[in-house]
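Welcome! Here is a short tour for anyone meeting this structure for the first time. Please take a look at the sequence and the fold before reading on.

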Amino acid sequence: MFWRLFSLGLCQAVAAGLGWYLAPRGEQWQIALAMALLGGYVWFVLDSARGLRLLGWLRAGATTDVAIGNGLWGEAYDRVRRILRATNKLAADSDNRLKDFLAAMQASPNGVVLLDSDARIEWFNQTAATHFGFDVQRDLLQHLGNLVRDPEFAAYLTARNFGHDVVMHGKENRDSKPVKLSVHLHPYGEGRMLLLSRDITAKEQAEAMRRDFVANVSHEIRTPLTVLAGFVETLQTLPLDEQERQRYLGLMSQQAQRMQTLVSDLLTLSRLEGSPSPSMNEWVSVDVLMRQCEQEARDLSHVLWTQSHDLRFERTPGCEIAGSTLELHSAMSNLIGNAIRYTPAQRSIEVGFKRQADGGAVFFVTDQGPGIAQEHIPRLTERFYRVDRSRSRDTGGTGLGLAIVKHVAQRHGAELSIDSVPGKGSTFSIVLPASRMRCTPGT
Ligand code: ADP
């Protein structure tokens, strides 16, 4: 204020002085006074021009700097500029925070949809777009009920009872590839809603598999248990002679053996699922494994059939596999055992081990059994899946053998491949990767 009064006074004094100096004698006082008034007027015009400049700068959005100078207008300009800078920084900070927040929601593995108080879509992440088939260009500000038309969800949205979630099919649901979502609405703010969606397909499938598995195991155990209980009752109630007693006890032992094999296969499977992959530093001789399997195969063929098979084992000395002896033996003997159980006596069964050009190797079992129709092949490694139930049971099968083989193969980085022609026979192969093979040169 002092500067303002001082500059006005100075302006008037200079103008008055100039009037006094230039005026003819006798009129000096009048002219000096007139000039002082004129000086005041000039000062006022210049001062107003600076004020107008500041106003123009504000009207233009205060984006670029202007030279206003010192004094009242200068200070006003400076203070406004500082306030604006602080406000802009605050706005930029909140903008960045909002961007970070939306990026975090975008990265969420769950679908996130923000809805306004009329259930219109304000924002959604990519996962929600996939779950519900939303499109950013088309669906923003659309009513959620118009886009998600599942009847159960529509009822849920209308009832506004958001204490629980709703399970519905995802947009990409197909008969061949089901997609199940768990969808939950959470109210927040003033009538707004947050919709969260979670893909629960894998969880539901695992749950269904668990249920099937328990049902299958119960069924598999119930059958021999019922037979056993029947024999026990017979032995307790009927006066049997020694020969009959022995026959019944033999049959009971068979059923007990069946349950034992089932429990042992189940334990093998759970061990395979629960333990880390076999070491890469433990080397198993293929020749030793093959010799062991050959002996067991001859014994099994002899026990199961009155006349044995034509068993041919090809020898490949000098090769070793990195892995678990127990697991590899179990997989090989399962495949050989199946060939013996399903191939009629006297036909040939060939077992071999071939090196591959890429350094890997293939263990194969080829039989002249009944063969398997193409539609069964993809399902053979499912637990308890059997093509011929009675044949499997009669020969002591549990329906878990190929599931065990597949697991062992996977744990060794290998693959189980099945080729079969109904009426002609089958070849089951375990294709081992080069990384798990080591052979002496020349083999
Ligand atoms: P199982 O204990 O019933 O043999 P697996 O898992 O070993 O169970 O085999 C699954 C089904 O695959 C068998 O029930 C059988 O129908 C079929 N299968 C397996 N190996 C052969 C084979 N060599 N020849 C014909 N069918 C086979």
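Helices (H or I, at least four residues) and strands (E, at least two) are DSSP runs, numbered from the N terminus. Residues are numbered from 1 along each chain as its sequence is written, and side-chain values use heavy atoms, with hydrogens and water left out. This is a predicted model: local features need pLDDT of at least 70, side-chain atom pairs count only at pLDDT 80 or more, and totals for chains, interfaces and linings use all residues.

## A residue in β12

Let us begin with T427, which has its place in strand β12. Its side chain joins that of T366 in a polar contact of 3.1 Å. A polar contact is a pair of N or O atoms within 3.5 Å; within protein, one must be able to donate a hydrogen and the other to accept it, and residues adjacent in sequence count only if both atoms are side-chain atoms.

Leaving aside neighbours within four places in sequence, T427 is in contact (heavy atoms within 4.5 Å) with F364, V365, T366, S417, I418 and D419.

## Around the ligand

Strand β12 (425-432) also matters for the next stop: together with α11 (325-342) and α13 (401-411), each supplying at least two residues, β12 contributes to the shell around the ligand. The largest share, 4 residues, comes from α11. Of the 20 residues around the ligand, N338, Y342, S392, G399 and L402 come nearest; to count as near, a residue needs a heavy atom within 4 Å.

A polar side-chain atom of R341 lies 2.9 Å from a ligand oxygen, while a polar backbone atom of G399 is 2.8 Å from one. For G401, a backbone N or O atom lies 3.3 Å from a ligand oxygen. Taken alone the ligand exposes 520 Å², and the protein buries 97% of that (accessible areas by the Shrake-Rupley method with a 1.4 Å probe).

## An open sheet

Now for a sheet of 5 strands: it is open, with antiparallel pairing and the order β2-β1-β5-β4-β3. Two strands pair if DSSP finds at least two bridges between them. Because β2 (121-124) and β3 (166-169) stand at the edges with a single partner strand each, one side of each is left without a neighbour in the sheet.

Strands β4 (residues 180-188) and β5 (residues 192-199) run antiparallel and are joined by 8 bridges. In β5, L195 is the bridge partner of L185.
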